[in-house]
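Biologist: I am new to this structure and would like to learn how to read it. Could we go through a few features one at a time?

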Amino acid sequence: MTEQMRDTEALIRDQIAKHAVLLYMKGTPQFPQCGFSARAVEALSQIGRPFAYVNILENQDIRTMLPQIANWPTFPQLWINAELIGGSDIMLEMFQNGELKTLIEQYSPAAEA
């Protein structure tokens, strides 16, 4: 493993550790760059709790390294409490049955009024 790869892995692990709810996505919540990312943002937005995001299109190293760390080949990837939840299909299923809201509310405080 190269030094750059180690640095990227350390960056990813730091991001996951620092953010209770983190979405690795294509684009930004305001301007998603793929339909799967758009659906993921929509579900998270409807829950109404803050979440962090990383635009993988702006960092090719993260885009390449994260699937190896997560053992999950596609994006978006939702991480809650440093655990990979999954991609948009899993997120939407969990959103529809209420599991995602419960999980996020457990780890992401309500925004200040």
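Predicted model: local features only at pLDDT ≥ 70, side-chain atom pairs only at ≥ 80, totals over all residues.

Biologist: How many residues does helix H2 have, and what does it span from its first C-alpha to its last?

Modeller: Helix H2 covers residues 35-47, which is 13 residues. The helix reaches 19 Å, close to the 18 Å expected at 1.5 Å a residue.

Biologist: Which residues of H2 are buried?

Modeller: The general idea comes from the helix geometry. An α-helix has 3.6 residues a turn, so residues three or four places apart point the same way. In H2, the buried residues are Ser-37, Ala-40, Val-41, Ala-43, Leu-44 and Ile-47. They lie on the same side of H2 because they cover an arc of only 160° around the axis.

Biologist: Now a residue in a strand. Is Asn-55 buried or exposed?

Modeller: Buried means under 20% relative accessible area. Asn-55 has 11% relative accessibility, so it counts as buried. Asn-55 belongs to strand S2 (residues 52-55).

Biologist: What does Asn-55 touch?

Modeller: Leaving aside residues up to four places away in sequence, Asn-55 touches Met-25, Lys-26, Gly-27 and Thr-28. The side chain of Asn-55 also reaches the backbone nitrogen of Leu-57 at 2.9 Å.

Definitions and conventions:
Residues numbered from 1 in each chain as written. Heavy atoms only, no water. Helix = DSSP H or I, 4+ residues; strand = E, 2+ residues; numbered from the N terminus. Buried < 20%, exposed > 50% of the residue type's maximum accessible area, 1.4 Å probe, protein only. Contact = heavy atoms within 4.5 Å. Polar contact = N/O pair within 3.5 Å; in protein donor to acceptor, adjacent residues only side chain to side chain. Expected span 1.5 Å × (residues − 1). Arc of directions from axis to C-beta.
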